[in-house]
Amino acid sequence: MKKALALGMAVVMAASLTACGGSGSTTTTTAASSETTAAAADTTAAAAEDTTAAAEEAPAESAGGTLKIGVIGPLTGPAAAYGQGVRNAVELAVNEVNAAGGIGDGIMIEMNAQDDEHDAQKSVNAYNTLKDWGVQMIIGSVTSAPCIAVAAETEVDNMFQITPSGSAVECVAPDNVFRVCFADPDQGAAAAQYIGEHQLATDVAIIYDSSTEYSTGIREAFVEEAANQGLNIVADEAFTADNATDFSVQLTKAKDAGATLVFCPFYYQEASIVLSQADSMGYDPIFFGVDGMDGILTVENFDTSLAEGVMLLTPFSATEESSKAFTDAYVAAYGETPNQFAADAYDAVYAIKAAVEKSGVTPDMSVSDICEAMKTAMTEITIDGLTGAGMTWNAAGEPNKAPKAAMIVDGVYVMQ
Amino acid sequence: MTKNKVRIQNAVTYGMVVLFWVVIQIMDRTGHLTSLFKGLLVPLCMYAILAVSLNLTVGILGELSLGHAGFMCLGAFSGAFLTNCLETAVPSMGLRFFMALILGAVVAGIFGLLIGIPVLRLKGDYLAIVTLAFGEIIKNLINVLYVGRDVNGFHFSMKDTTSLGMDKETGVVLIKGAQGITGTPRAATFTIGILLLLLTLFIVLNLIHSRAGRAIMSIRDNRIAAESIGINITKYKLMAFSISAALAGMAGVLYAHSLSTLQASSNNFGYNKSILILVFVVLGGLGNMRGSIIAAMLLTALPELLRGLNDYRMLIYAVVLIVMTIFNSSPKAIEIRSMVLSRIRGGAKKEVA
């Protein structure tokens with residue numbers, strides 16, 4: 001009796017496992033269709049606001065067909081702010097493009113955003129989910145390590161991928177991957193050049209997060225370039241993600257070494273603590289951050305007056321005249337100020353639009369054919385985006401645009 | 001349990017894994033497998049191996065270890081390092097992967113032995129704390145480790161890539177601190193994963209039902225009694241602990257070869273990962289290998305299969321976790337379950353009669 005029961009149980013368990021496999025497809029299709037409805041609803045909403053006739057029709061009914069674009073990024077978890085910014089900005093740009101009659105001869109865009117929780121494995125899962133949905137191009141992944149993992153997958157499928165913010169060098173190693181942001185070493189070198197050229201300081205301290213590839217990558221390039229710029233690195237202090245709550249040791253060392261500028265290549269949450277602690281110990285050097293510093297003014301319970309005079313290398317400022325239209329539309333739709341990740345993603349959509357128009361690809365082509373055509377077209381286009389005017393791309397996938405630095409004055413970014 | 005029953009129980013466990021493989025193969029051939037599920041197959045095997053290996057320490061040896069992700073991390077990095085190192089020397093990817101699996105298991109096993117010697121003198125909570133710390137130390141050490149190779153051989157540094165002092169032209173950085181190892185070939189397939197899972201089951205189940213296994217369980221049940229009949233406590237504890245670590249290392253190699261990027265981040269190898277594996281073991285039942293496999297596979301696949309529910313999936317995952325725990329361990333739930341079972345059995349008996 002027991003044997004039979006055990007065997008029966010085993011069969012049931014195995015069956016339940018396979019049932020999971022089977023139900024996988026149904027779940028995904030429902031997901032896709034509900035996403036589609038959501039996207040369609042959004043388009044209608046946008047169309048209603050714009051009162052343009054072109055977008056009244058659902059994307060699927062358009063003459064030029066529908067291009068399916070997948071977005072991968074952290075929509076939940078600690079890096080959610082970046083992923084959500086990217087998703088919202090892509091949605092905004094897609095609605096705009098659709099409302100204005102689509103790409104080229106009326107190709108409508110349909111989007112589907114999948115969460116990767118800032119995890120490489122989950123990012124690949126998200127990509128596979130999008131493949132089941134029938135995705136033709138990828139915007140993502142938003143963060144570096146997941147982006148490297150997804151790029152290896154898209155390379156095999158030969159699918160066109162553009163990452164708004166995957167800044168690690170390896171992100172664009174396959175030739176089907178392009179990016180909108182600067183690579184980490186470029187940022188580090190650009191920061192050192194900027195400090196050297198504008199003679200902001202000669203004695204520089206560095207505080208960096210040794211547990212993230214982002215921070216170590218930038219620091220390394222900064223140190224290399226600092227020597228050429230005549231900068232003197234008097235303190236070079238590390239922290240890790242696990243002890244990112246107290247920076248008094250690092251700040252004391254920087255202060256004792258007489259640094260008049262502290263280079264902070266890490267994210268804004270930690271930066272807000274650094275600024276508060278520096279203030280309480282009466283240390284007031286120039287704090288110089290990179291694009292991760294963007295968002296410092298939105299930290300909850302942070303006295304933004306402490307951020308006065310902070311300089312950061314960012315390609316985007318929400319208060320700039322050229323980005324006003326985008327910022328207004330974004331605030332109206334999502335109720336918050338867009339960050340640089342959102343701007344990068346917005347540019348990514350318009351880069352895709354320009355490249356599709358240039359190459360003349362149509363949604364009925366195979367994924368691989370689209371990718372081949374897009375690879376060539378990306379190197380031929382020039383777009384004036386939010387993150388830089390006259391942006392061009394080389395065949396390696398790196399963008400070419402001028403780095404810009406901003407200083408926080410009276411609670412807003414002022415471009416230098 | 002009689003010898004016969006044990007054999008049948010084990011056969012059911014192996015059979016379940018083989019059946020799972022066969023069903024997936026059929027679904028794959030007939031095109032019923034979604035890309036998402038295809039991508040999930042290797043992680044499913046990996047987590048099942050991790051759960052079975054941890055069950056050896058927690059369920060059979062009876063010691064609470066929270067450092068399993070640390071052993072996995074060791075295996076992953078040593079394996080990926082070997083694969084990337086021998087890229088030119090051994091052109092066959094399959095052979096390199098095989099060598100990486102062995103190296104990963106050996107390295108993790110040796111560390112398991114080394115850590116085990118001082119740590120297994122501790123009991124209960126203290127052991128948990130020390131293993132937790134071990135996992136974190138491994139993760140943080142690898143985060144600051146830089147290894148490069150040029151014509152002169154290997155270079156090591158704990159600072160950055162420039163301090164490796166490598167020859168400019170021939171220098172290749174193999175391990176790049178927090179950026180970890182990138183570009184590992186994705187050699188791991190579902191079939192290899194299932195084979196490794198079967199190997200893990202073979203090792204663990206045979207150990208349990210051997211003389212050594214009975215000694216290990218006697219230590220768990222009553223240490224003093226076991227000592228009094230002359231069982232070498234240290235030897236058997238170390239044996240179970242290092243085998244468990246070696247198998248975790250093997251799972252780590254599988255992980256490293258399923259993604260092109262490997263980083264010792266808190267997300268990948270932090271204590272949360274150790275606790276996640278412990279959750280699989282506890283939910284599947286302490287000492288119950290079949291339960292560990294099912295729990296690991298279900299809980300790994302669940303959040304991915306619930307993607308359609310968008311942000312609610314995390315909530316549902318938590319609810320399912322609570323319901324499963326209650327269903328498995330609450331006395332009332334067990335009572336209801338046995339009642340239902342006896343009714344079914346009773347009904348069957350009546351039919352026979």
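Modeller: Between chain A and chain B, ten residue pairs are in polar contact across the interface, both partners having a pLDDT of 80 or more. A polar contact is a pair of N or O atoms within 3.5 Å; within protein, one atom must be able to donate a hydrogen and the other to accept it, and residues adjacent in sequence count only if both atoms are side-chain atoms. On the side of chain A that touches chain B, the elements giving two or more residues are helix H1 (2-50), strand S2 (108-115), helix H3 (120-133), helix H4 (144-157) and helix H6 (213-228) of chain A. H1(A) gives the most to that side, with 17 residues.

The model is predicted: local features need pLDDT of at least 70, side-chain atom pairs count only at pLDDT 80 or more, and totals for chains, interfaces and linings use all residues. Residues are numbered from 1 along each chain as its sequence is written, chains are lettered from A and ligands numbered from 1 in the order in which they are written, and side-chain values use heavy atoms, with hydrogens and water left out.

The interface also holds one salt bridge between chain A and chain B (a side-chain nitrogen of Lys or Arg within 4 Å of a carboxyl oxygen of Asp or Glu). B:Arg186 and A:Glu153 bring their side chains together in a salt bridge, with 2.7 Å from N to O. Side chains of opposite charge can pair when their charged atoms come close.

In total, 52 residues of chain A and 51 residues of chain B take part in the contact (heavy atoms within 4.5 Å). The size of an interface is often given as the accessible area lost when the parts come together. Here about 4700 Å² is buried between chain A and chain B, and carbon and sulfur atoms give 58% of that area. The figure is the accessible area (1.4 Å probe) that the two parts lose on being put together, summed over both.

Of the 416 residues in chain A, 58% are buried; buried means under 20% relative accessible area, exposed over 50%, and partly exposed in between (1.4 Å probe, protein chains only). Among contacts in chain A with a separation of 6 or more, 69% join residues 24 or more positions apart.

Two residues of chain A illustrate buried polar groups. A:Ser167, in the loop between strand S4 (160-163) and strand S5 (177-179) of chain A, is buried at a relative accessible area of 3%. Its side chain makes a polar contact of 2.6 Å with that of A:Asp184. Beyond four places in sequence, A:Ser167 touches residues including A:Ser144, A:Arg179 and A:Tyr214. A:Gln277 belongs to helix H8 (residues 268-280) of chain A and is buried, with 18% relative accessibility. The side chains of A:Gln277 and A:Asp246 are joined by a polar contact of 3.3 Å.

Over all chains, the whole structure has 16 salt bridges. One of them joins A:Glu372 and A:Lys375, at 3.2 Å from N to O. These two residues are about one helical turn apart, because they lie three residues from each other in helix H11 (residues 367-378) of chain A. A:Glu372 is partly exposed at 39%, whereas A:Lys375 is buried at 16%. A:Asp175 joins A:Glu372 and A:Lys375 in a network of salt bridges.

A nonpolar core is a set of buried Ala, Val, Leu, Ile, Met, Phe, Trp, Tyr and Cys residues joined through side-chain atoms within 4.5 Å. The largest core has 105 residues, and those with the most contacts inside it are B:Phe77, B:Leu254, B:Leu262, B:Phe269 and B:Ile293. Helix H2 (residues 35-61) of chain B contributes the most to this core, with 19 residues. Apart from it lies another core of 82 residues, including A:Ala79, A:Val90, A:Ala254 and A:Cys371.

Definitions and conventions:
Helix = DSSP H or I, 4+ residues; strand = E, 2+ residues; numbered from the N terminus.
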